[in-house]
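Please read the following note with the sequence and the structure at hand.

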Amino acid sequence: MRFALALLIASVALRAEAPPTVEETGLVDLRGILHCHSHFSHDSKGTDEEIIRAAKKAGIDFIFMTDHPSEGSVTSGLRGKHGDTWFFPGAETHQLLACDLHEPIDGAEGTQGAIDAVLMQGGLPFIAHPEEVKDWGLDGFLGMEIYNLHADTKDETPATWVKKLLGYRGDPEWIYTVFFNPQTEIVARWDELTRERRVVAVAGNDAHQNIRVLGLQLDPYPRTFRFVQTHVFAERQAHDPIVDHLSAGHAYVSFGLFGDPEGFSFTARCGDQDLLLGDEARWQEGATLRVVLPRSAEVRLVRDGKVWKTEETDDWTIEADRPGVYRVEAWTEARGKLQPWIYSNPIYLRR
């Protein structure tokens with residue numbers, strides 16, 4: 001009896017010291033899309049109206065437009081709030097998602113020049129298509145895609161594409177899963193970079209709505225938006241909160257098709273500091289991490305790029321027993337297979 005009571009007291013004490021969830025800090029979970037093309041790009045005919053409607057249908061709170069540079073793509077592209085969604089103009093250029101631009105950066109030379117040009121006007125530079133990047137000795141980029149939908153299709157065989165078409169009419173929402181593979185090499189590159197500095201992970205939807213076969217639109221905007229999203233925790237849906245919190249790494253990537261992630265939280269308590277995913281602090285003995293999910297899943301706690309602990313849970317508090325770059329992956333069963341559901345940005349507990 002005494003032993004059981006001691007366990008209960010210890011459990012209550014641990015819960016009392018657990019870091020607050022993100023929701024308890026007053027921030028809300030905003031669903032977003034990065035890397036979206038429209039009629040301003042040479043390889044898309046998507047209209048502003050179609051994108052606005054698609055965002056509403058998919059429940060998207062913000063979209064960073066990244067058209068291939070063309071006349072009017074930045075100055076006349078979607079900007080501000082339209083319908084239920086906040087839009088930010090930008091460009092895909094020089095292996096970069098140049099987000100939240102006020103004027104074009106067409107004259108920039110190379111990726112480093114483009115990064116510098118984006119920063120000069122207060123924009124957000126993310127590495128696009130990292131699988132194609134040869135030189136990682138770049139300075140100043142804010143973050144990178146850890147998943148790109150278009151890149152995920154590049155290694156598919158003709159047989160796989162036939163399989164996609166055959167399964168299309170019966171189960172169209174799941175068509176992307178035919179070729180879906182976690183981009184493990186890109187995630188490993190990201191982990192390597194975060195050992196040195198904060199690098200914000202985002203998803204690249206690479207939405208074009210331009211693949212039409214035998215009269216079937218294989219990639220309508222709503223489907224692409226629902227498949228994967230970049231979530232940002234912010235005070236409210238507005239320009240500055242979204243930009244500020246995305247810049248701080250208060251964000252995570254979710255494959256929304258595998259389950260609604262609303263309610264996810266990754267926080268820490270280190271000394272007298274409460275930290276959110278993306279935050280950085282000097283490690284102190286007794287630092288604790290907390291992961292909360294809307295439903296139980298396989299939680300993989302990654303430290304310095306390697307899986308450190310695994311637990312099937314929906315609420316997990318654990319001591320961070322040494323300095324490290326800590327992040328969360330949540331995996332869940334979908335279509336008879338364990339699938340990656342959530343990738344958090346790290347909490348950086350430095351020496």
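**Note on the structure**

1. The side chain of Arg-327 forms a polar contact of 2.8 Å with the side chain of Asp-191. A polar contact is a pair of N or O atoms within 3.5 Å; within protein, one must be able to donate a hydrogen and the other to accept it, and residues adjacent in sequence count only if both atoms are side-chain atoms. The side chains of Arg-327 and Glu-329 are likewise joined by a polar contact, of 2.8 Å.

2. This is a predicted model, in which local features need pLDDT of at least 70 and side-chain atom pairs count only at pLDDT 80 or more, while totals for chains, interfaces and linings use all residues. Residues are numbered from 1 along each chain as its sequence is written, and side-chain values use heavy atoms, with hydrogens and water left out.

3. Arg-327 lies in strand S19 (residues 324-334); strands (E, at least two residues) are DSSP runs, numbered from the N terminus. Is Arg-327 buried or exposed? Arg-327 is buried, because its relative accessible area is 3%; buried means under 20% relative accessible area and exposed over 50%, with partly exposed in between (1.4 Å probe, protein chains only).

4. Apart from neighbours within four places in sequence, Arg-327 is in contact (heavy atoms within 4.5 Å) with several residues, including Val-187, Trp-190, Phe-266 and Tyr-343.

5. The largest nonpolar core has 73 residues. Such a core is a set of buried Ala, Val, Leu, Ile, Met, Phe, Trp, Tyr and Cys residues joined through side-chain atoms within 4.5 Å. Phe-227, Phe-264, Phe-266, Leu-289 and Leu-349 have the most contacts inside this core. Strand S17 (residues 288-303) supplies its largest share, 6 residues. A second, separate core has 19 residues, among them Phe-64 and Leu-97.

6. Leaving aside neighbours within four places in sequence, Phe-264 is in contact with residues including Phe-233, Tyr-252, Val-328 and Ser-344.

7. The largest pocket holds about 320 Å³ of space. A pocket, on a 1 Å grid over the protein atoms alone, is an open set of points where a 1.4 Å probe fits, with protein on both sides within 12 Å along at least five of seven lines; lining residues have an atom within 4 Å of a point. A volume is the space filled by probe spheres set on the points. Of the 14 lining residues, those closest to the centre of the largest pocket are Glu-131, Gln-183, Thr-184, Glu-185 and Ile-186.

How values were computed: Helices (H or I, at least four residues) and strands (E, at least two) are DSSP runs, numbered from the N terminus.
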